[in-house]
Amino acid sequence: MNPSAIDWIPKYLNGIEQKILISSHKDNVQFYKALKHSGFIYGVSADAVLKKSVSSLKLTKEEYTKINLFHTLLFTYFQNNPEDDFSKAIDTINEFYKKLEKGKTGFLKKLSLSQSATQQLENILSSRIQETNYLIKKNNISLLTYALLYIDVLVFSKWLTTAKSIKECAKHLESMVISFSFLALRSKKKKNKYDHLLIDLFESSSEYLIEEGAKKDPVTLESMTNFAALTHLEKKYILDLCTLAVWDDYVMDENEYQYLQQLSEKLQLDKGEVTESLQDLKRFSEKYTESIKLFEYSNPVKQFYKQSAATVKLLILRNKNRLIKELEESGELLVLLSHSTVRDLNAEEKIKVKEQLLDICKTIPSLTIFLLPGGAVLLPLLAKFIPKLLPSAFNENRINENDKK
């Protein structure tokens, strides 16, 4: 199964029995713990919550996130409607996102009238992965990881049982989660320059998650109210994200711990919840040994290059065999790429490389992204990664590990 290709949902469901999906965890709390262990709650899915092989491919963080979001929505649906089937569940999830007005698909995708329900949902989930990575609308700065996607699930659960306005519900819950998280960030005793930047952006944004023109009072822990309507899972989720907000330095100082304790009391959680939240995050961090952050500052240009490089690399690796075959049949391109590792190509040679790379992209459907308007700007990334696929003799400047002293 390839979560980045069309019809991945039918392929995924083909390997799952509905009763296994429902009975894999006895309740929502146990399932929530499984989501934490997979990394979904922390916004860095390192595995699928389904404890079986879901794909023969090496999946990316975004693809695992997409799978886990879909699986969690299904699990939530069947917790409320155990007698229904997958088809009914998918139709309901599509209807939910339509009412929530999230995950809207592009103009060209809307023109496709023959889309099945699963294909519609695939497009919605892909859009949600893309649009959830931004916080403040008037600032073109990427601030958030995928940690807020679980709000979709919490709102979906409420929508299945009540007729309340889900847009207002989602808006209120999202605002509350992020406000608490920023207060946690502000509680840090030692703040780096990005911590100060994020706090300033939050405090100066009068349009943050509220209607334009409305006034926003300073947010404090004491000013936060309306906890009675929160479910147990929502409270645990808020605590986990606040723990995540102060975790990036791997040190829990007295101020941070005191804030988490005060938050836990305000949410009327058990005394052991803070300790459990810290232990779960520590275990996940040690297991996957990667930096885990709720807020992540990134310059827009740098973010674009980073995402583009990751996309190109993924496309190359998944089309490795076909790409190597096409390259072997293009002798002149290989020579030019080889020369580019030791000298700068002239203008004429660069044009030849561009044209021949585009010709190769035409023969491999997954690489047609480079043929779209503006796609040629990614060609240098394609040329950059290609030498890594070829024999070491191709790059005269490559240093083997055995040659290092």
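## Surface, cores and a buried threonine

The protein exposes about 21,600 Å², of which carbon and sulfur atoms supply 51%. The model is a predicted one. Its secondary structure comprises 18 helices and two strands. Of the 405 residues in the protein, 47% are buried. When contacts between residues at least 6 apart in sequence are considered, 71% of them join residues at least 24 apart.

The largest nonpolar core contains 84 residues, and Tyr12, Phe70, Tyr150 and Tyr237 have the most contacts inside it. Helix α9 (residues 166-186) gives the most to this core, contributing 12 residues. Another core, of 15 residues, lies apart from it and includes Ile316, Leu336, Ile360 and Ile364.

| Nonpolar core | Size | Residues named |
|---|---|---|
| Largest core | 84 residues | Tyr12, Phe70, Tyr150, Tyr237 (most contacts inside it) |

Leaving aside residues up to four places away in sequence, Tyr237 touches Tyr32, Ile41, Val177 and Leu154, and also Ala147, Leu148, Leu149, Tyr150 and Ile151.

Thr76 is found in helix α4 (residues 61-80). Is this residue buried or exposed? Thr76 counts as buried because its relative accessibility is 6%, and the cut-off for buried is under 20%. The side chain of Thr76 reaches the backbone oxygen of Thr72 at 2.8 Å. Beyond residues up to four places away in sequence, Thr76 touches Val153, Phe156, Ser157 and Leu160.

Definitions and conventions: Residues are numbered from 1 along each chain as its sequence is written. This is a predicted model: local features need pLDDT of at least 70, side-chain atom pairs count only at pLDDT 80 or more; totals for chains, interfaces and linings use all residues. Side-chain values use heavy atoms; hydrogens and water are left out. A nonpolar core is a set of buried Ala, Val, Leu, Ile, Met, Phe, Trp, Tyr and Cys residues joined through side-chain atoms within 4.5 Å. Buried means under 20% relative accessible area, exposed over 50%, partly exposed in between (1.4 Å probe, protein chains only). Helices (H or I, at least four residues) and strands (E, at least two) are DSSP runs, numbered from the N terminus. Contact means heavy atoms within 4.5 Å. A polar contact is a pair of N or O atoms within 3.5 Å; within protein, one must be able to donate a hydrogen and the other to accept it, and residues adjacent in sequence count only if both atoms are side-chain atoms. Accessible areas come from the Shrake-Rupley method with a 1.4 Å probe; for residues, only the protein chains shown count as cover.
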